[in-house]
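Please look over the sequence and the structure below before reading on.

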Amino acid sequence: MDSKRWIAIAAKALEAIGRANADATIAFLSDRRMRELNRSFRGIDKTTDVLSFPAGSDEVQAMSEVNLGDIAISVERAEMQATENGLRFDDEIAQLVLHGLLHLCGYDHETDDGEMNRLELRLRRRLGI
């Protein structure tokens, strides 16, 4: 994994989201480790493509603009999804980085009537991913 590439993509995504002064940690993991995290933190005993772990409350994030939190990405799941969706591996990873960052910024596609999904699609087009 080319860390410089992902740092640059994350920085562009944060700028597009309106959080240019913020950052996040991104970890690339195996499916096995992702399943462990998903089980431990969400009670779901299966792997997933991306998990986000916010650093703190929204008030702290709004005040500090420093570290939003951590994102975990399953490299194996990303590779499989890229193949299934006819995407390049790097494009799939870029989408997962953006998705994780949106979660760290407080968006939740499971509860927001499609707001996060619409924003994510607009940002993908803007960022070329």
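How many salt bridges does the structure hold? The structure holds eight salt bridges, a salt bridge being a side-chain nitrogen of Lys or Arg within 4 Å of a carboxyl oxygen of Asp or Glu.

This is a predicted model, in which local features need pLDDT of at least 70 and side-chain atom pairs count only at pLDDT 80 or more, while totals for chains, interfaces and linings use all residues. Residues are numbered from 1 along each chain as its sequence is written, and side-chain values use heavy atoms, with hydrogens and water left out.

**Strands**

- Strand β3, residues 67–74, is mostly covered, with six of its eight residues buried; buried means under 20% relative accessible area, exposed means over 50%, and partly exposed lies in between (1.4 Å probe, protein chains only).
- Helices (H or I, at least four residues) and strands (E, at least two) are DSSP runs, numbered from the N terminus, and two strands pair if DSSP finds at least two bridges between them.
- Strand β1, residues 23–29, pairs with β3 in the parallel sense over six bridges, and Ala27 stands opposite Ala72 in β3.
- Strand β2, residues 50–54, runs antiparallel to β3 and is joined to β3 by five bridges, with Val50 standing opposite Ile73 in β3.

**Salt bridges**

- Asp45 forms a salt bridge with Arg35, in which the closest N and O atoms are 2.9 Å apart.
- This pair links distant parts of the chain, since Asp45 sits in the loop between α2 (31–42) and β2 whereas Arg35 is in helix α2, 10 residues apart.
- Asp45 counts as partly exposed because its relative accessibility is 44%, and Arg35 is partly exposed because its relative accessible area is 37%.
- Arg39 also forms a salt bridge with Asp45, the closest N and O atoms being 2.6 Å apart, and Arg39 counts as partly exposed because its relative accessibility is 39%.
- The side chains of Asp91 and Arg88 meet in a salt bridge at 3.3 Å, N to O.

**Positive surface patch**

- A patch of positive charge on the surface gathers Arg118, Arg122, Arg125 and Arg126.
- Patches are made of residues with over 30% relative accessible area and no salt bridge, with like charges joined within 9 Å and nonpolar side chains (Val, Leu, Ile, Met, Phe, Trp, Tyr) within 5 Å.
- Arg125 has its place in helix α6, residues 115–127, and counts as exposed because its relative accessibility is 62%.

**Other exposed positions**

- Glu15 lies in helix α1, residues 3–17, and counts as exposed because its relative accessibility is 56%.
- The C-alpha atoms of Glu15 and Leu101 are separated by 11 Å, although these residues are 86 residues apart along the chain.
- Asp113, in the loop between α5 (89–104) and α6, has a phi near 55°, a positive value in a residue other than glycine.
- Asp113 counts as exposed because its relative accessibility is 76%.

Note on methods
Accessible areas come from the Shrake-Rupley method with a 1.4 Å probe; for residues, only the protein chains shown count as cover. Lys and Arg count as positive and Asp and Glu as negative; His and the chain ends are not counted. The place of a charge is taken as NZ of Lys, CZ of Arg, CG of Asp or CD of Glu.
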